[in-house]
Amino acid sequence: MEPEALYHLLQLPRAVDLPVEEELPQGGKKKYLPPTSRKDPKFEELQKVLMEWINATLLPEHIVVRSLEEDMFDGLILHHLFQKLAALKLEAQDIALTAASQRHKLEVVLEAVNRSLQLQEPQAKWSVDTIFSKDLLATLHLLVALAKRFQPNLPLPTGVQVEVITIESTKSGLKSEKLLEQLTESSTDKDQPSEDVFDELFKLAPEKVHAVKEAIVTFVNQQLDSLGLSVQNLDTQFADGVILLLLIGQLEGFFLHLKEFYLTPNSPAEMLHNVTLALELLKDEGLLSYPISPEDIVNKDAKSTLRVLYSLFCKHKLKVNVDGTPRGTPS
């Protein structure tokens with residue numbers, strides 16, 4: 001009898017029982033996927049494509065996956081899938097009957113997977129803990145990585161992103177935040193140049209990043225002063241797109257009707273709308289020399305935010321310096 005057939009015949013538990021509400025240790029973080037995100041059509045399509053791919057790959061072994069969330073956690077199907085894709089034999093127990101043995105099996109499989117993908121565990125968007133606890137996002141990240149490595153022509157839907165809620169336990173209590181999580185790259189990401197001046201700056205001269213930020217903050221606040229606004233933190237205050245749109249309007253002479261954007265965005269989707277509009281305006285003016293994902297701005301990626309602001313800084317501040325001396329790119 002096939003191991004997986006025996007598995008279902010015995011009706012073995014596929015997960016350890018977890019409490020409905022987990023108590024986070026101080027400093028601990030947990031990511032949740034709200035119901036609205038689960039119903040996102042592109043998110044559902046990604047799961048469908050991955051499930052059909054797994055079932056087609058494992059058809060000769062009579063393995064059928066019905067739920068990526070419920071069927072992948074214990075390492076059994078991942079074990080068979082990875083062996084088939086990588087054409088190798090893993091020294092792992094075929095049937096794991098207890099939670100401890102299931103977890104050990106998963107550890108063995110993920111160690112081999114990470115080695116094949118040339119990833120250290122801290123770099124991976126999954127871990128033994130997240131996969132074993134049926135974290136659907138971690139499972140999808142893992143399967144997308146395997147598909148890109150072993151089946152690069154698999155037609156995964158592009159630009160799949162979902163709203164997630166992160167909860168962190170702090171000294172003052174639980175803190176929650178909504179973020180957008182990217183699961184597959186957008187169609188333009190593949191054409192993105194490998195490095196630009198900011199990649200070099202962050203990598204080779206991180207001590208100069210603060211000085212560049214200070215110069216841009218000064219410039220931004222000079223432009224926003226007439227609106228009664230000011231910026232202290234570049235990394236966070238541009239994430240909702242509001243100040244960015246107002247800044248572009250000031251510098252480029254645009255009048256934006258309040259119906260065109262969300263003045264007080266209440267969700268990542270509304271923030272994404274604002275940032276996407278801002279980037280489209282900059283593209284129309286020929287100011288973006290490097291492709292920038294609006295999701296990165298919403299998710300407070302410092303490098304992407306600096307790229308956007310520096311494009312405005314270059315045009316409006318660097319034409320001529322205060323003392324008449326032209327200035328160049330950050331070095």
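Mentor: A residue counts as buried under 20% relative accessible area, as exposed over 50%, and as partly exposed in between, with a 1.4 Å probe and protein chains only. The model is predicted, so local features need pLDDT of at least 70 and side-chain atom pairs pLDDT 80 or more, while totals for chains, interfaces and linings use all residues. Residues are numbered from 1 along each chain as its sequence is written, and side-chain values use heavy atoms, leaving out hydrogens and water.

The protein has 15 helices and three strands, these being DSSP runs numbered from the N terminus (H or I, at least four residues, for helices; E, at least two, for strands). Of its 331 residues, 45% are buried.

The pair to look at is α3 (residues 41-57) and α5 (residues 76-86), whose axes come within 10 Å and cross at roughly 70°, each axis being a line fitted to C-alpha atoms over the stretch in contact, with angles from 0 to 180 degrees between N-to-C directions. Helix α3 is therefore roughly perpendicular to α5, a term that covers 65 to 115 degrees. The crossing of α3 past α5 is left-handed, in that the near helix is turned anticlockwise from the far one by less than a right angle.

On the α3 side, W53, I54 and T57 make the contact, and on the α5 side I77, L81, K84 and L85 do, contact meaning heavy atoms within 4.5 Å. Sorted by class, these comprise five nonpolar residues, one polar and one charged.

L85, one of the α5 residues that meet α3, is also touched by F150, which, leaving aside neighbours within four places in sequence, is in contact with F82, L85, A86 and S116. F150 lies in helix α8 (residues 136-150) and is buried because its relative accessibility is 19%. The C-alpha atoms of F150 and L117, 33 residues apart along the chain, are separated by 9.9 Å.

For the chain as a whole, residues 24 or more positions apart account for 62% of the contacts with a separation of 6 or more.

Note on methods:
Angles under 35 degrees count as roughly parallel, over 145 as roughly antiparallel, 65 to 115 as roughly perpendicular and the rest as oblique. Ala, Val, Leu, Ile, Met, Phe, Trp, Tyr, Cys and Pro count as nonpolar, Asp, Glu, Lys and Arg as charged, and the others, Gly among them, as polar.
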